[in-house]
Amino acid sequence: MRIIAIANQKGGVAKTTTCINLGASLAIHAFRVLIIDMDPQAHSTLGLGFEPNEINKSILNVLEPPRSPFHLELSDIVIPTRTPNLSIAPANIDLAGEEYRLIDKLGREDFLNVGIQKSQLQFDFILIDCPPSLGILTINALKACREVIVTIQPHFFALRGIQEFVETMEMMRENLKHNPDIHVLVTLADVRTNLFREVMDEISKYFREKTFKTIIHKNIALAESSSHGIPVMEYEPESSGAQDYLSLAKEVIELEKEKPEKGLFRTNRL
Ligand SMILES: Nc1ncnc2c1ncn2[C@@H]1O[C@H](COP(=O)(O)OP(=O)(O)OP(=O)(O)O)[C@@H](O)[C@H]1O
Ligand SMILES: [Mg+2]
């Protein structure tokens, strides 16, 4: 089972869009996929057609300490989506308070990891949608995963923002002895601009072979499909958005075959 967190503390850089559409693309390849929604905004939950206000068993129950009357196993909260092979562990707004409640709990970084490891669920991929912060919910996701996909929108300050993220990964490696592989996905790309090429050069120099060859172009079908509560490959299969995410899924599948060397991301200052 491959566990991949989709993260970046910056908001609006297509973490959720990637979770949903990479998940659906892997599901089309007949892999069994679970999306875990770790964002109190519950956008993955919404984007897969569920109304968060009607969710009463959520990932929050899994993060509760085992002695709590509200604690549930991950398998108790997973629901299938209308896309075959694709399930979700949903979130709702109640998750927002968890940042504060977990803060003084022993082993607070590890609740999601323990929840996944304890569950007897049979999935090929777990994709974790992170909130736009480096708080305890994101740390739980990073601790639970073996791989991280950082989504980057190619604009002028994109790489500056990523510095803080890389430092968080270093902190995890040193303090929590946990070192997932980082991969970078360029999203929301407008390839016609000079700025795009400049920023791509910079990203490739910094992350080198850790950058996916697939680039996700700007495509309105991606935004529209989320608002209809379905992945883009069901909404508009011929769109560039659908093709880009199917191509990304192929690369993600290939990565497993390559068995990447651990800890290759560079830690030099930007
Ligand atoms: N390739 C794309 N082309 C056009 N619109 C896109 C694309 N990817 C994402 N979007 C749109 O951009 C907005 C932000 O995307 P998304 O919600 O996936 O980002 P996010 O990083 O999950 O945001 P947050 O940090 O708030 O969780 C959404 O309205 C989404 O529909
Ligand atoms: Mg999101």
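Which residues touch the most other members of the largest nonpolar core? The legends below take up that question and others, using a predicted model.

**Figure 1. The largest nonpolar core has 75 residues.** A5, I59, L127, I128 and A141 touch the most other members. Helix 1 gives the most to this core, with seven residues. In soluble globular proteins, nonpolar side chains tend to be buried together. Leaving aside neighbours within four places in sequence, A141 is in contact with A5, A7, M38, L112, I128 and C130.

**Figure 2. Strand 5 (residues 125-129) is buried along its length: five of its five residues are buried.** The strand is therefore largely enclosed by the rest of the structure. In a regular strand the side chains alternate between the two faces of the sheet. Here both faces are covered. F125, L127 and D129 are buried on one side, and I126 and I128 are buried on the other.

**Figure 3. Strand 5 pairs with strand 1 and with strand 2.** Strand 1 (residues 2-7) runs parallel to strand 5, and five bridges join the two. A5 has I128 as its bridge partner in strand 5. Strand 2 also pairs with strand 5 in the parallel sense, over five bridges. There, I35 has L127 as its bridge partner.

**Figure 4. Strand 2 (residues 33-37) also pairs with strand 4 (residues 86-89).** This pairing is parallel and runs over four bridges. I35 stands opposite I88 in strand 4. I35 is also the bridge partner of L127 in strand 5.

**Figure 5. Helix 7 (residues 136-144) is buried throughout: nine of its nine residues are buried.** The helix is therefore largely enclosed by the rest of the structure. Its buried residues are I136, L137, T138, I139, N140, A141, L142, K143 and A144. What covers them includes three strands to look for: strand 1, strand 5 and strand 6. The cover also includes helix 5 (98-102), helix 6 (111-118) and helix 8.

**Figure 6. Helix 8 (residues 158-175) has 18 residues.** From its first C-alpha to its last, helix 8 reaches 27 Å. That is close to the 26 Å expected at 1.5 Å a residue. I162, F165, V166 and M169 are buried in this helix. Strand 6 (147-152) and strand 7 are included in what covers the buried residues. Just after the helix, K177 takes a positive phi of about 50 degrees.

**Figure 7. The shell around ligand 1 holds 21 residues.** The closest are K15, T16, T17, P132 and A223. Helix 1 (15-28), strand 7 (181-189) and helix 10 (220-227) are the elements that give two or more residues to this shell. Which element gives the most to the shell around ligand 1? Helix 10 does, with four residues. By class, the shell has eight nonpolar, ten polar and three charged residues.

**Figure 8. A30 and A42 have positive phi values in residues other than glycine.** Phi of A30 is near 75 degrees. A30 lies in the loop between helix 1 and strand 2. Phi of A42 is near 55 degrees. A42 is found in the loop between strand 2 and helix 2 (43-47). Is each buried or exposed? A30 has 9 C-beta neighbours inside 10 Å, so A30 counts as exposed. A42 has 26 other C-beta atoms within 10 Å, so A42 is buried.

**Figure 9. A242 lies in helix 12 (residues 240-258).** A242 has 24 C-beta neighbours inside 10 Å, so A242 counts as buried. Leaving aside neighbours within four places in sequence, A242 is in contact with V232, M233, E236 and P237. How far apart are A242 and A24 in sequence and in space? They are 218 residues apart in sequence. In space, C-alpha to C-alpha, A242 and A24 are 9.7 Å apart.

Note on methods:
Residues numbered from 1 in each chain as written. Chains lettered and ligands numbered in written order. Predicted model: local features only at pLDDT ≥ 70, side-chain atom pairs only at ≥ 80, totals over all residues. Near = placed C-beta within 6 Å. Nonpolar A, V, L, I, M, F, W, Y, C, P; charged D, E, K, R; others polar. Core = buried A, V, L, I, M, F, W, Y, C linked by C-beta atoms within 7 Å. Buried ≥ 20, exposed ≤ 12 C-beta atoms within 10 Å, placed from the backbone. Contact = placed C-beta atoms within 7 Å. Expected span 1.5 Å × (residues − 1). Pairing = 2+ DSSP bridges.
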